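Trainee: I would like to learn how to read a model like this one. Could you take me through it feature by feature?

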Amino acid sequence: MDFTLTDEQDLLRDGLNKFLSSRYSLESSRAAAKLGPGWQPAIWRTFADELGILGAALPERVGGISGGPVEVMVIAEELGRALVIEPYVDTVVVAGGLLQRAGGDIADALLERIAGGEAIVSLATAETSSGDRWQDASTTAVADDAGWVLDGAKIAVPNAPLATHLLVTATTSAGLSLFLVDLAGQPAGLSMHGYRTIDDRRAADIELVGVPAIMLGTDGQAWDSLARARDEGAAAVAAETVGCMRKVLADTVEYCKQRHQFGTPIGSFQVLQHRMVDMHMEVEQSVAAVYLAVLNLDADAEKRARAVSAAKATVGRAARFVGQNAVQLHGGMGMTEELAIGHYFKRLTAMQYEFGSADSHTMRYAELTRP
């Protein structure tokens with residue numbers, strides 16, 4: 001495998017890194033998360049207008065530049081490094097991929113709005129009865145004279161309070177299908193209970209009672225596209241996790257150089273040096289695992305699933321190890337609001353469970369490799 005980025009990908013990474021370093025502060029993002037709307041709309045529009053990252057992985061016909069999984073990996077890692085709260089993975093990677101595969105004028109029109117920074121799209125799949133098994137949807141869809149109506153409930157829908165549109169999985173007489181719900185004007189029959197998550201993101205529980213919706217793709221044939229979207233989301237979150245871990249490790253090393261105990265920097269103690277080396281090794285293993293997943297996203301479904309599960313399990317273990325040791329090496333300060341490390345730790349903890357936990361991906365990998 002070739003792990004070398006092209007000149008264009010290097011420029012993308014460097015440009016995004018410089019922008020986030022100079023214009024995206026932890027203080028403003030935490031204020032927006034805790035006291036404000038949960039995101040920074042002006043930053044999102046800048047992502048679209050100045051940086052073009054919202055369209056980097058979208059087709060040219062909708063205003064994108066037709067990038068691929070490597071571009072998504074580069075972007076996600078830099079967003080993780082800066083602890084960006086804006087919903088790039090959910091809107092551009094997951095929803096964007098589903099809309100591309102669904103096709104049609106309605107999907108393309110929404111993709112154009114995503115690329116232009118005008119739309120936030122969230123995927124509603126989880127239910128009380130199904131957990132994270134996307135294929136088990138008790139929400140139902142029935143055709144009427146005007147189109148389709150949805151009845152059911154979804155839980156923990158990421159970024160739903162920010163969204164302009166929802167993609168909802170529901171079961172029809174033909175099987176699992178995907179539907180688009182426009183949230184403009186709060187559709188009749190839709191109720192939403194929003195809340196802030198442990199990592200300062202927004203989510204919501206949603207009830208649907210006769211909510212009008214538009215079917216995307218073919219009736220009863222949504223699972224293949226959803227399975228791919230889940231793997232693409234898992235790979236992107238794994239890359240984001242790598243960015244977080246790189247920042248956490250760098251801050252921990254710097255702190256150990258500055259913090260003195262018994263008249264000497266604690267970084268000079270060999271036992272702590274060994275701990276930081278172990279953290280570094282976990283990060284490097286995660287980098288390799290993410291490359292494996294990203295470079296296999298276009299492979300056949302089984303090979304893609306194996307690579308993604310290997311990466312998600314590896315990165316999940318590393319996130320726990322790096323996050324916990326970073327907090328421990330910072331002492332009691334590690335979990336305070338004043339230090340960035342505490343915010344990164346919360347995000348690393350949450351990312352271990354997005355698009356499947358390390359345990360679930362380990363089990364899937366075992367099933368896929370069983371003789």
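Predicted model: local features only at pLDDT ≥ 70, side-chain atom pairs only at ≥ 80, totals over all residues.

Trainee: Which residues does the N-terminal domain annotation cover?

Mentor: UniProt positions are given in the numbering used here, with shortened feature names, and annotations may be inferred rather than shown by experiment. The unreviewed UniProt entry gives "domain: Acyl-CoA dehydrogenase/oxidase N-terminal" for residues 6-117. Helices (H or I, at least four residues) and strands (E, at least two) are DSSP runs, numbered from the N terminus. Residues 6-117 are 68% helix and 0% strand, with end C-alpha atoms 26 Å apart.

Trainee: How many salt bridges does the structure hold?

Mentor: A salt bridge is a side-chain nitrogen of Lys or Arg within 4 Å of a carboxyl oxygen of Asp or Glu. The structure holds 28 of them. In one, Arg-30 pairs with Asp-200, with 3.2 Å between the closest N and O atoms. This pair links distant parts of the chain, 170 residues apart: Arg-30 is in helix 2 (residues 26-34), and Asp-200 is in the loop between strand 6 (190-196) and strand 7 (202-216).

Trainee: Are Arg-30 and Asp-200 buried or exposed?

Mentor: Buried means under 20% relative accessible area, exposed over 50%, and partly exposed in between (1.4 Å probe, protein chains only). Arg-30 counts as buried because its relative accessibility is 7%, and Asp-200 is buried at 2%.

Mentor: Compare Arg-101 and Glu-232, whose closest N and O atoms are 3.5 Å apart in a salt bridge. Arg-101 lies in helix 5 (residues 88-102) and Glu-232 in helix 7 (residues 223-258), so the pair ties together parts 131 residues apart in sequence. Arg-101 is partly exposed at 34%, whereas Glu-232 is buried at 13%.

Trainee: What about the nonpolar core?

Mentor: In soluble globular proteins, nonpolar side chains tend to be buried together. A nonpolar core is a set of buried Ala, Val, Leu, Ile, Met, Phe, Trp, Tyr and Cys residues joined through side-chain atoms within 4.5 Å. The largest one here has 115 residues, and Phe-47, Leu-166 and Leu-167 touch the most other members. Helix 7 supplies the largest share, 15 residues. Contact means heavy atoms within 4.5 Å. Beyond neighbours within four places in sequence, the contacts of Leu-166 include Val-157, Phe-179, Leu-190 and Ile-206.

Trainee: Which residues lie nearest the centre of the largest pocket?

Mentor: On a 1 Å grid over the protein atoms alone, a pocket is an open set of points where a 1.4 Å probe fits, with protein on both sides within 12 Å along at least five of seven lines; lining residues have an atom within 4 Å of a point. The largest pocket is lined by 36 residues, with Ala-156, Pro-158, Tyr-353, Glu-354 and Phe-355 nearest its centre. Elements giving two or more residues to the lining include strand 3 (147-158), helix 7 and helix 10 (340-351).

Definitions and conventions. Residues numbered from 1 in each chain as written. Heavy atoms only, no water.
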